[in-house]
Amino acid sequence: MDPRKHLIDSYGREIRDLRISVTDRCNFRCTYCLPEEGIDWLPRSELLTFEEITAISRIFVERFYVDSIRLTGGEPTVRAQLPRLVSMLATLKTHEGKKVNLSMTTNGVTLPLIAEPLRDAGLDRINISLDTLRADRFLEITKRPQFERVLEGIEAAQAVGFHPLKLNVVAMKGINDDEIVDFATFGRDRGLQVRFIEFMPLDGANAWDQAAVLSADEILAQVACVYPVEPIPRTNAPATTYRYRDGKGSFGIIPSVTKPFCGDCDRVRLSAEGKIRTCLFALNEHDLRTLVREKATSARIVAQIETIIATKWAGHSIGRVNFIRPQKSMSQIGG
């Protein structure tokens, strides 16, 4: 008899996707995520161990119907021995008896060294974050001269078989809004699925302004002026996807600000220090690390998870007068 139960919030949405931040540290200082001087990083003792991450993940997969896990950061590849964690998570089986779907979001700079070990360990998919195709602008955004290394990382990931490879682009007015078509062309030419992401209020410098948001409609209009496209029916995934009519692939837009998709959200986040966030913009976190380190029973942890998920709200309020931005930056929360 299958011991699983459906993990459903008070709005009837079933949680099927677990996002796990393995570290708050990052080797870049992207302006929309971290202040240039960095933040007070978590001490190692406060981070979940690989064993603790796997124990919590096992409960989500084997006691509920979660079938997708994404590793995030900070920058996940700065966590030492990351392939070992991937290999541990790759042993988890879904309700259909299949390996859990394992993916990762990375800035790509270490992929020339680690892409093959990650693939061999059982990682299925990779999203690489890249917000410009200009080396000078890359330095301005990330504060690091690593543009060519990221391009090498893209090639390394493709070479070892990561497909489809997605490229995450945060679209910002006055920063990279003149590169939208360039990115579409780059994706078409290299067999990548570019995903444009609306600029969200999670920057470390608290400088977000809605006037800087390049909207989903504006992004689509730019691409469609050059390449005829048609929409693909939506799923629970955050991106609205469009295929090129000439058959040369597709691209996606994540309209988190102007067209929130909260009603279809099937995600929950586990932070690097073992706290559950029911929404990227949640103001509260819920501790699981204490239960795990106290060797609580699975039944007790299951009950706690169900209680936490019941608090998941209907959606964020970006753009409304009652919106309160989270106190943590994107690097601390984990995407």
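Contact means that heavy atoms lie within 4.5 Å of each other. Helices (H or I, at least four residues) and strands (E, at least two) are DSSP runs, numbered from the N terminus. The structure is a predicted model, in which local features need pLDDT of at least 70 and side-chain atom pairs count only at pLDDT 80 or more, while totals for chains, interfaces and linings use all residues. Residues are numbered from 1 along each chain as its sequence is written, and side-chain values use heavy atoms, with hydrogens and water left out.

The protein chain contains 10 helices and 12 strands. Of its 335 residues, 54% are buried, where buried means under 20% relative accessible area, exposed means over 50%, and partly exposed lies in between (1.4 Å probe, protein chains only). Among the contacts in the protein chain with a separation of 6 or more, 72% are between residues 24 or more positions apart.

In soluble globular proteins, nonpolar side chains tend to be buried together. A nonpolar core is a set of buried Ala, Val, Leu, Ile, Met, Phe, Trp, Tyr and Cys residues joined through side-chain atoms within 4.5 Å. The largest such core has 97 residues, of which Phe60, Ile69 and Leu71 touch the most other members. When neighbours within four places in sequence are left aside, the contacts of Ile69 include Leu18, Ile20, Ser57, Val61 and Leu89. Leu92, Val100, Asn101, Leu102 and Ser103 are also in contact with Ile69.

Helix α2 has eight residues, six of them buried, so α2 is largely enclosed by the rest of the structure. The buried residues are Leu82, Pro83, Leu85, Val86, Met88 and Leu89. Their cover includes α1 (50-62), β2 (68-72), β3 (101-106) and α3.

The axes of α2 and α3 come within 8 Å and cross at roughly 20°. Axes are lines fitted to C-alpha atoms, for helices over the stretch in contact, and angles run from 0 to 180 degrees between N-to-C directions. Angles under 35 degrees count as roughly parallel, over 145 as roughly antiparallel, 65 to 115 as roughly perpendicular and the rest as oblique. Helices α2 and α3 are therefore roughly parallel to each other. Their crossing is right-handed; a crossing is right-handed if the near helix is turned clockwise from the far one by less than a right angle, and left-handed if anticlockwise. Leu82, Pro83, Val86 and Ser87 of α2 make the contact with Ile114, Pro117, Leu118 and Ala121 of α3. This contact of α2 with α3 comprises seven nonpolar residues, one polar residue and no charged residues. In this classification, Ala, Val, Leu, Ile, Met, Phe, Trp, Tyr, Cys and Pro count as nonpolar, Asp, Glu, Lys and Arg as charged, and the others, Gly among them, as polar.

Helix α3 also packs against α5 (residues 147-159), at an angle of about 20° and with the axes 8 Å apart. Helices α3 and α5 are therefore roughly parallel to each other, and α3 passes α5 in a right-handed crossing. Here Leu111, Pro112, Leu113 and Ala115 in α3 meet Arg149, Glu152, Gly153, Ala156 and Ala157 in α5. The residues of the contact of α3 with α5 divide into six nonpolar, one polar and two charged.

Pro117, in helix α3, is partly exposed at 35% relative accessibility. The C-alpha atoms of Pro117 and Pro83 are separated by 6.2 Å, although these residues are 34 residues apart along the chain. Glu116, likewise placed in helix α3, is partly exposed, with a relative accessible area of 49%. Glu116 and Phe162 are 46 residues apart in sequence, and 9.5 Å apart from C-alpha to C-alpha.

Most residues other than glycine have a negative phi, and most peptide bonds are trans. A cis peptide bond joins Gly73 and Gly74, with omega about 15°; Gly74 is in the loop between β2 and α2. The peptide bond from His163 to Pro164 is also cis, with omega near 0°, and Pro164 lies in the loop between α5 and β5 (165-171). Lys143, which is not a glycine, has a positive phi of about 65°. Lys143 is in the loop between α4 (135-142) and α5, and is partly exposed, with a relative accessible area of 29%. Lys295, also not a glycine, has a positive phi of about 60°. Lys295 is in the loop between α8 (289-293) and α9 (298-309), and is exposed, with a relative accessible area of 71%.
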